[in-house]
Protein chains: 2
Amino acid sequence: MSTMPPMGGDLSRLRQLNALTVIKTLRGAEAATLSALAERTGLSRPSTKEVIDELSAMGWVEEVPPASGTMGRPARRYRFRADGGHLMGLDIGAYHIRAALADLDGGVIAETRRPAHPGAPLEDRLAAIEQAAATCLALGGLTIADLWAVAVGTTGLVGPEGRVIMSASIPAWRDLDLGGLLGEMFPCRVLVENDSRLAALAETRRGVARDARDVVFLHIGRRMGTGLIIDGRLHRGFGAAAGEIVMLPEAGWRDGPVDLNDAAIVPDGLPPEDAAGFTLAAARDGDPTALDAVARFTDKLAVGTAAAVLLLDPEIVVLGGGFSRSADVLLPPLRSRLERVCLRMPKLSASTLGDECVVLGAIDYAIEHLDQLFFAPDAPALRPPVRPATSPPGPDPT
Amino acid sequence: MSTMPPMGGDLSRLRQLNALTVIKTLRGAEAATLSALAERTGLSRPSTKEVIDELSAMGWVEEVPPASGTMGRPARRYRFRADGGHLMGLDIGAYHIRAALADLDGGVIAETRRPAHPGAPLEDRLAAIEQAAATCLALGGLTIADLWAVAVGTTGLVGPEGRVIMSASIPAWRDLDLGGLLGEMFPCRVLVENDSRLAALAETRRGVARDARDVVFLHIGRRMGTGLIIDGRLHRGFGAAAGEIVMLPEAGWRDGPVDLNDAAIVPDGLPPEDAAGFTLAAARDGDPTALDAVARFTDKLAVGTAAAVLLLDPEIVVLGGGFSRSADVLLPPLRSRLERVCLRMPKLSASTLGDECVVLGAIDYAIEHLDQLFFAPDAPALRPPVRPATSPPGPDPT
DNA sequence: GTACTAATGATGGTCTCCTATATAACTCTC
DNA sequence: GAGAGTTATATAGGAGACCATCATTAGTAC
């Protein structure tokens, strides 16, 4: 038998577990009293207190002024110090680079975007990434040393080690050790992942698929892709190649939205990247040619989606990516086709996060990574680069 | 936020966790000394001893004679008492009913099978199940009261509550509360699951896919189905309808192996259930008509399989079910078609468990269920219907 | 029969959690 | 504005579970 995860252990391990439970409980809640924490964690009051004191000393938790106007003695309230550390999410697409700076709760502090060109040489793209990150940090009043982790979402097939195997839309992205390159740029952990997968994660953590355990995310735009959340976790597959239903010939996703791009209604002079949008807009206005093109497109879309739904039986299918702006045009025909085939029809919704979904997903991914670090039995128990609280939360002697 | 699983807790919880670690370590190993256990679990010797004493008193562990011929004082050796409890696995197919009795390690003690008829009325089928179970128990020298759990695999769509929604091959299986009916038959926990899924589980626990975390199992025979193991766990989906790629029109699995059944080479008088086998045998002998039929069949098989592989990127695809006997004929064409489409080609192997895979999977499923019970934080901590060891393993005062 | 080896068994100490009780702070009512 | 009522805090005592250490024991090797 292979080595198993020793889940029990020392007394200190028990304390670590309880501390993590407290942190998890505190997170998301705005602020909580000791009694509330004790009840929600199942610990006794004195124990909760001790844990909180320890966490305060380490800078993970801080006290906030008690709520006034309540009966009885006012309860001390504690809050997770989301500003104890910072994360950066990056979205590196063919035509754009986005950066977002966030706290440990995933709250966005600053955001930047700058255009990019698919064919630009590698150095230019890397320089643009560095600039976007620098701008974002400056906006947030932080330096690169404040970052605990950076997560990157990019188009293409990303290997297990942060290596970009290939990307259809960025020629320079071919057998490239992107993780390594960015690792030289940032003095912290760098995670690289496929953009569709990260978008799926964002949608499950804070979008329409919140709290769903099984989600199929359709990343539909100039490029097509999918991201799968299975049992609440991002599914990567054995070789990190999961979600590539694009390659199934029978689904006909491979050439992207050709039906929309090549519709007869598209004017000759229009730049190719705007063609699909034009067709979708015309379909919304009821143009029959455009509607026909949309029907052909959704037919193909439905084949791959049906395969995913039949295999995984997700709770919800989310339509995201650039075309999700046209969800009103795409969803009805997609729904009717799926209903014809699916054994159990899942919910079907458009993304609510829009263009930001990949950066947000990157941030959520980074948070997940940090969480996992803390939970490791042999972890340096809650002691990442955390500096003591700026204002010591101990009893103020005034 | 919904209620989260409190992972820490009491001191007793820590003990529970450590006891479970010890049990997990002990399981699978033939017998282990205290020192070995202490090292493998990470606990200290005295603690390990205390845990072992507790487990012995509860009947989970027993002492075996020390190994002779070693240096130093002989170490006491302990063993997981697999015979402390018993499980039953059932495989209810259209044409057969199988029952297997197993110990807590999943080792099969006795096995029965009896024929069935697809169109038989419900009562007959239930009576046959009861008889199969009784025979099996008698063979093992046990009574129905010795069973801790019964797991059932059957064809058709099985709902989350053990309800059979419908089954294409057993007419009586329609909107039937099978879990409830069998719950009256057996005085213990009864689990109902789709047979393909259980076969997939068996294959990952003890078959060719042992230790793989992501597995696609193809259940190929008179009926077609799939079972998915994702991240080491059986994937059921939100509505327990996962794996039903059969329904995808583009894959053409819906009508089963029509290409093999209707091949021109099949003699007229042959009973329909033997037709496919005849074609496969002819193909093995090189008959061109049969080979052509096999090619058409594997073409279809490859479409659905490719969809699953592209979406999930499994480590291995296992070909199981009745036709896995003809894997030598089916695998080569299937492999070549998959290689053409898949981004990363998974391993592709035939099942090694044969006809027993569903009962074995049912047993493994029952074991998994029991394990899960023990791990629950609020569990009655390791106290299922376990009777004290027949021979008290304490120090014998002679 | 003596030396060596490796496991056993017992003792004391530390850590973490729990229950219970006394104390403190604030609101509401008269 | 004083007392009653309410809710939290703080502290003390006790039990459970783990660990390190050391003397003891039961074998093998020479």
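## Basis

This is a predicted model, in which local features need pLDDT of at least 70, side-chain atom pairs count only at pLDDT 80 or more, and totals for chains, interfaces and linings use all residues. Residues are numbered from 1 along each chain as its sequence is written, chains are lettered from A and ligands numbered from 1 in the order in which they are written, and side-chain values use heavy atoms, without hydrogens and water.

## The sheet in chain A

An open sheet of 5 strands runs in the order β14-β13-β12-β15-β16 in chain A, with mixed pairing. Its edge strands are β14 (233–234) and β16 (347–350) of chain A, and each pairs on one side only. Strands are DSSP runs of E, at least two residues; helices are runs of H or I, at least four; both are numbered from the N terminus. Two strands pair if DSSP finds at least two bridges between them.

Strands β12 (215–220) and β13 (224–230) of chain A are antiparallel and share 6 bridges. Within β13(A), T226(A) is the bridge partner of L218(A). Helix α9 (288–312) of chain A packs on the sheet and touches β12, β13 and β15 (316–320) of chain A. Contact means heavy atoms within 4.5 Å. The direction of α9 makes about 155 degrees with that of β12(A). Axes are lines fitted to C-alpha atoms, for helices over the stretch in contact, and angles run from 0 to 180 degrees between N-to-C directions.

## Strand β4 in chain B

Strand β4 (86–92) of chain B is mostly covered, with 7 of its 7 residues buried. Buried means under 20% relative accessible area, exposed over 50%, partly exposed in between (1.4 Å probe, protein chains only). H86(B), M88(B), L90(B) and I92(B) point one way; L87(B), G89(B) and D91(B) point the other.

β4(B) pairs antiparallel with β5 (96–103) of chain B over 7 bridges. A hairpin of 3 residues joins β4(B) to β5(B), and D91(B) stands opposite R98(B). β4(B) also runs parallel to β7 (147–154) of chain B, joined by 7 bridges. There, M88(B) has V150(B) as its bridge partner.

## Two loop residues in chain B

P118(B) lies in the loop between β6 (108–115) and α4 (122–140) of chain B. P118(B) counts as partly exposed because its relative accessibility is 22%.

S167(B) sits in the loop between β9 (164–166) and β10 (174–176) of chain B. S167(B) is buried, at 7% relative accessible area.

## A surface patch

I165(A), M166(A) and L343(B) make a nonpolar surface patch of about 210 Å². Patches are made of residues with over 30% relative accessible area and no salt bridge: like charges are joined within 9 Å, nonpolar side chains (Val, Leu, Ile, Met, Phe, Trp, Tyr) within 5 Å. A salt bridge is a side-chain nitrogen of Lys or Arg within 4 Å of a carboxyl oxygen of Asp or Glu. Accessible areas come from the Shrake-Rupley method with a 1.4 Å probe; for residues, only the protein chains shown count as cover.
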